[in-house]
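Take a walk through this protein model, one contact at a time. Keep the sequence and the 3D view side by side as you read.

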Amino acid sequence: MSYVFNLLFLSLIFLSQSSYAVQDKDYLPADTTYLPAVTTPTQALGSEVGEWHVRHDQLVSYMRTLAAQSERVSLVDIGRTHENRPLVLLAFTSAANQQNLANLQAEHIASLNGKSVSNSPLIIWMGYSVHGNESSGSNAALLIAYYLAAGQNEQIEQLLKDNIVLLDPSLNPDGLSRFAQWANMHKSRHLVTDPQNREHQEAWPSSRTNHYWFDLNRDWLLQVHPESKARVAQFHQWRPHVLTDFHEMGSDSTFFFQPGIPSRKNPWTPQENVELTDALGQFHARALDKNKQLYFTQESYDDFYYGKGSTYPDALGSIGILFEQASSRGHLRDTANGVLSFADTIQNQVTTSISTFAGALANKDGLLAYQQAFDNNTLKLSKKDALTGYVVQEARDYTRMQDFLTVLQAHHIDYWPLKRDIEVDDVPFKAVSSVFIPVQQAQYRLIKSLFSTRKSFDDNTFYDVSNWNLALAFNLQYAPVESKVDFDTNRNFTGKTFQSELLDKAYAYAFSWDDSSAATLLSRLLKAKVKVQVAGSPFVAQTSQGAVNFTAGSVVIPSAFAQPENLIGLLQDMSQDLPITLWSIDSGLTKQGIDLGSRQMHNLSLPKVLLVGGKETSQYEAGEVWHHFDQQLELPLTIVDLDRLASLDLTNYSHIIWVNGTYKNVSETNVKSLSSWLKDGGVLIGQKNAVAWFADKGWLKARTKTASDIALAFDSKGLQYSDLESFSAKQRIAGAVFTTNLDVSHPLAFGFEREALPMFKNSNQILLRPDAPFITVAKYTDKPLTAGYAAPELQDLVANSAAIVAHQVGKGRVIAFNDNMNFRGTWQGTSRLFTNAIFMASFINVPG
């Protein structure tokens, strides 16, 4: 009796663990047999797909196994993530095609330039799980790879005989690995379906993001991270006809596939793209109907921002398709539609992967014709444009200009140096520091989008940002040009040259603060214990090369201080990879401006900076700050969760940074400690909601408009229930560019030359200008909206409001940025203000 009971008990345990696992072949079409010599996912993992969340190392290992075992598969390593995980891309096609893959690729690219190629293959790119905690996609990739590598049926034979399937099994390896660890470590033997269970509730920061807590699905265009750089480089080498992007959404949803909301496509995307997307959608619908799976389309999601995986292809003649699956987040979860298993979510991703193949084959002629005509049609469109191109210049910040040009290069956008100086609308553009970007080129649609200043659209409701003007993001001087411009296609843009001369026994050494890389060099010197000073005012010094102008913020290394041995060698080593000229100064007596012993020369020590993170803070903004410190400034940054703040000795830190957050649960003890630390000389830096919190605590002598005050600006009279969504959308700024007037004499503006500074705004928080003089560093202009959409009511509220406020509090300083200075790691124009908040705060000498 006891034996029978134990057997039954063990059976129940087994069922509780396995009843929601599915065998490999059960996920896949029933009419398929498989080559026995090819390892199955279950054999590779030691468990069924969906029983555990696959780790990235397991995923890559299996892909390498398939490439070794199947003559249909080739694999290339295309890059590495921040955490040094491999990025792999697989090509599936017939064995005969594999032997000729490079030629097929070259012929395909040639066909885009109007060269007719008979029997052209379709290139279908399958991309999975750009958000790490939307992992059903990468788990489905295991099965799709096995299906293509080993499956035997008529559909697979037809697919691989004349076409190529590219498979990107994990767009975000670091996030996927983080989430697999989380979900697996919290899995119970008896699966827990309660959504409140720890398995379903990730800790901060979520695994949606990459190593630096960025959303990689917003980075295709911006090219900040190695994952995106590697992927876009491969995209341009292949130019696929179809690119899929498999995601997850809220657990109480069903399944979504594109097209999305018809009125919310990018204006530069041809209507034929939408029609082909809809044609493929018919196949997804039939496949999901067969499985009795609920789904929706043409609602909720848009196709506007060209920086996402499902929309970037649309600018370049490919059909990008977004899939969104309701998420189980763990292994089994209660939802509004019943119990949802991880295996269920994988099944839908597998089903629509295979329906993508079927739809692409059925529409092959249309897809081929669309893409082969796309570049020519784009070129014809460009010739109708009244503009000949855009001229862009940056004379002082070589790094910022080169970073901008690097993004253009990544997208295969041609630019050329000017042959001679020109003037556009009374603004001079110097040949030595300017480039011209002609509109008559293959990337015309992308160029128009990158320089767009459009402010109104057919549908002004936005899921994401409404503008991504790259020149504005980099704060580069640019102008659209209608006349012919002489540019030089025979040479590359070089900009100015940099050549340091470091002499023994010089009185001092110095470099300007004009270039963004100056902060990098300063950080390196401070970490090497070089003693430096920063100039609070400009000066003209005598050097071995003659008189040199140094702007405010310039860095001086006096020989009078006790410096490390081999100082010249240190300076050479630390500056050799940076576009910085180091000067040897002959005397402390300057020709003009302050002398080198002036009280306006401030000694600088290595900042000890604390970033407050954790629950109640924005993981994205915290990650942007971390990335700025780690990748741009090369400066150590201590990140501490808010709930640990009370345990710290704040006197160990010179600066404390607070990003957007709620901060409702900060204790009075913490507030008192922060107040004392600030008054004793700390530098308190906040952005967005943190600014309102600073004001509430009395640290910032400014105030923000309340939400109710902002709501009063909008009239809802006469509106119907159907107007609710658009009315709500009017009251938010999803992401647009506003122009500010910057006080270029202020220490936070050291390194800036122009008063007009574009800022990115993605909240409707309004910071009222203080009455006190000298503490408003930047304010929005009378008509601030420059690019993107914002309702007229919000434009009026933003006009003349404060963008940056800074002042003393006791011996300390409080610096308030009303908006995000480091948005997506791309807004280098404003990130320099954030850099100055770290290094130049001691010059802020105005009490609040």
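Start with D819 and K761, which form a salt bridge with their closest N and O atoms 3.0 Å apart. A salt bridge here is a side-chain nitrogen of Lys or Arg within 4 Å of a carboxyl oxygen of Asp or Glu. The pair links distant parts of the chain, 58 residues apart. D819 sits in the loop between β34 (812-817) and α25 (828-839), while K761 belongs to strand β31 (residues 756-761). Helices (H or I, at least four residues) and strands (E, at least two) are DSSP runs, numbered from the N terminus. D819 is buried, because its relative accessibility is 1%. K761 is buried too, also at 1%. Buried means under 20% relative accessible area, exposed means over 50%, and partly exposed lies in between (1.4 Å probe, protein chains only).

A word on the ground rules. This is a predicted model, where local features need pLDDT of at least 70 and side-chain atom pairs count only at pLDDT 80 or more, while totals for chains, interfaces and linings use all residues. Residues are numbered from 1 along each chain as its sequence is written, and side-chain values use heavy atoms, leaving out hydrogens and water.

How many salt bridges does a search of the whole structure find? There are 29. Some share partners: E134, R208, D215, R218, D464 and R824 are joined into one network this way.

Look next at D514 and R396. Their side chains meet in a salt bridge of 2.5 Å, N to O. D514 lies in the loop between β18 (508-511) and α17 (517-527), and R396 in the loop between β12 (389-393) and α14 (398-410), so the pair ties together parts that are 118 residues apart in sequence. D514 is buried at 15% relative accessible area. R396 is buried at 18%.

Now compare D77 and R64. This salt bridge has its closest N and O atoms 2.9 Å apart. D77 is in strand β2 (residues 73-80) and R64 in helix α4 (residues 56-69), 13 residues apart.

Turn to strand β16 (residues 434-438). Five of its five residues are buried, so the strand is largely enclosed by the rest of the structure. In a regular strand the side chains alternate between the two faces of the sheet. In β16, S434, F436 and P438 point one way, and V435 and I437 point the other way. Which strands pair with β16? Strands pair if DSSP finds at least two bridges between them. Five bridges join β12 to β16, and the two run antiparallel. Here G389 stands opposite P438. Strand β13 (residues 416-417) is also antiparallel to β16, joined by two bridges. There W416 stands opposite F436.

Helix α13 (residues 364-383) holds N376. N376 is partly exposed, at 36% relative accessible area. The C-alpha atoms of N376 and L112 are separated by 8.3 Å, yet these residues are 264 apart along the chain.

Finish at D425, in the loop between β14 (422-424) and β15 (427-429). D425 is exposed, with a relative accessible area of 67%.
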